[in-house]
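Dear colleague,

Please find below the structure that I promised to pass on, together with its sequence.

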Amino acid sequence: MNFSLDWSFYNWDLISNFVIKGLGFSLMLTVIATLGGIFFGTVLALMRLSGKKWLDLPATIYVNGMRSIPLVMVILWFFLLVPLVIGKPIGAEMSAIITFIAFEAAYFSEIMRAGIQSVPRGQVFAGQALGMTYGQNMRLVVLPQAFRNMLPVLLTQTIILFQDTSLVYAIGAYDMLKGFEVAGKNFGRPMEAYLAAAVIYFVICFALSYWVKRLHKKIAIIR
Amino acid sequence: MNWDWQMFCEDTLDRTVREGCFGKDGDITYLDWMLSAWGWTVSVSLLALVLALVVGVVIGTLRTLENRPWTVRFGNAWVEFFRNIPLLVQIFIWYHVVPSIFPAMKSVSGFVLVVLALGFFTSARIAEQVRSGIQALPRGQRYAGMAMGFTTWQTYRYVLLPNAFRIIIPPLTSETMNIFKNSSVAFAVSVTELTMFAMQAQEETGRGIEVYLAVTGLYIVSAFTINRIMAFIEKRVRVPGLVAPGAAGGH
């Protein structure tokens, strides 16, 4: 067993030249994909709960289709198809953003569907009794409660999403893992690089999931 | 756009179309290659599943032991450790870091490393399911075992685990399907499973859409098969009258 780390690898140079750029992209991708995914996921969930077959069916096919394919394949698909559809090449980063919004929408839609169904029927009837339209009822009565009930689950999915951003490696987008990989190759220290990447991912995800756990307790008590 | 499905019948070296679509005498066509890639995906997934089930059940059970705080803490640490690092990073760790700590691992192939990485990664998730399955059982079950004079081992073996397994079959089904999906990450260390095949064949032939469609189809077939097998198992082991508490869903 000859295991020794070259600690001089960890210096400000590494952070400023390789890590910050990648971490920035990972975080940006997480935030954009979460917001976009929740928005389109809510639309998909409303389609599935609409009771109209022509809305329900395509949404169901989309959600189940996305959920049965590996994310890496989806990333590859979009990287191949999006340039064909819009007729000009887009970068790996832009392709990754579009992919993650489309992919996460399927997962967030399942969460939102459960959230909307967790709101008691009486709430919907109360809204209707007040003369609210479907839109008003959803916006003012149902969705706020659905979001609140599902907040911990939505955040847990966001943590998974943050971990999954490392998969943009497949198309060579420059995320945090890529930053460490490039640095590891440049300085011939892959071991130190991957260890550091693991530590940073762990710290971020562990801290977030700890916070979500506490949030969950808080929400559970008031209800 | 025009389709060119014939590319699957082409030889991978000289790109000539082979009769019958399968190569002979050691030559392989893209169809041969894809089927063998599917085989790799299935073997990585199944081996990792076995490892994940064994480790996951042990760790999950350790986390529910009473009056053993350090064992529980070890189990919790295990789960947090493997759950909070992305699978791809874990695979790189197995590939680049573990062999320098344990020189014996140097001669181990990428295939084995991927099975280990995927297996341990999934073991954390299965441990979490097993723990919640055991804790979902009424406390009286454990006490009943104790009242019968069972040792802790016997209580788990004959009372708690058989019940807990039936409760967690639905989440285990989705974990099994997840293993198949997650095995795609093996492309990163050059195991020629389906995703690796898709990337390379796309590059060589330029027929990305056909290749991706075929590979996506195989993934969907695999996922559907798993789903049916698990549904069959669930039906076979069902105990009449045992209503699984809180067994809804999983994701």
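A word on the annotations comes first: UniProt positions are given in the numbering used here, feature names are shortened, and annotations may be inferred rather than shown by experiment. Residues are numbered from 1 along each chain as its sequence is written, while chains are lettered from A and ligands numbered from 1 in the order in which they are written. This is a predicted model, in which local features need pLDDT of at least 70 and side-chain atom pairs count only at pLDDT 80 or more, whereas totals for chains, interfaces and linings use all residues.

In chain A, the unreviewed UniProt entry has the annotation "domain: ABC transmembrane type-1" over residues 23-212. That stretch of chain A is 83% helix and 0% strand, with its end C-alpha atoms 21 Å apart; helices (H or I, at least four residues) and strands (E, at least two) are DSSP runs, numbered from the N terminus. For chain B, an unreviewed UniProt entry places the feature "transmembrane region" at residues 37-62, 74-95, 101-122 and 211-233. Residues 37-62 of chain B are 100% helix and 0% strand, and the end C-alpha atoms of this span lie 37 Å apart. Residues 211-233 of chain B are likewise 100% helix and 0% strand, with 33 Å between the end C-alpha atoms.

Turning to the interface, 28 residues of chain A are in contact with 29 residues of chain B, where contact means that the C-beta atoms of two residues, placed from the backbone, lie within 7 Å. On the side of chain A that touches chain B, helix H3 (71-86) and helix H8 (190-222) of chain A each supply at least two residues, and H8(A) gives the most, with 11 residues. By class, this side of chain A has 23 nonpolar, four polar and one charged residues (Ala, Val, Leu, Ile, Met, Phe, Trp, Tyr, Cys and Pro count as nonpolar, Asp, Glu, Lys and Arg as charged, and the others, Gly among them, as polar).

Within chain A, Ala45(A) sits in helix H1 (residues 12-48) and counts as buried because 26 other C-beta atoms lie within 10 Å (buried means 20 or more such atoms within 10 Å, exposed 12 or fewer, and partly exposed in between, with C-beta atoms placed from the backbone). Leaving aside residues up to four places away in sequence, Ala45(A) touches Ser109(A), Met112(A), Arg113(A) and Ile116(A). Ala45(A) and Arg113(A) are 68 residues apart in sequence, yet 5.0 Å apart in space, C-alpha to C-alpha.

Finally, two residues of chain B deserve a look at their backbone. Most residues other than glycine have a negative phi. Asn67(B), although not a glycine, has a positive phi of about 60°; Asn67(B) is found in the loop between H1 and helix H2 (69-83) of chain B, and counts as exposed because it has 7 C-beta neighbours inside 10 Å. Ser190(B), also not a glycine, has a positive phi of about 65°; Ser190(B) lies in the loop between H6 and helix H7 (194-205) of chain B, and is partly exposed, with 13 other C-beta atoms within 10 Å.

With kind regards
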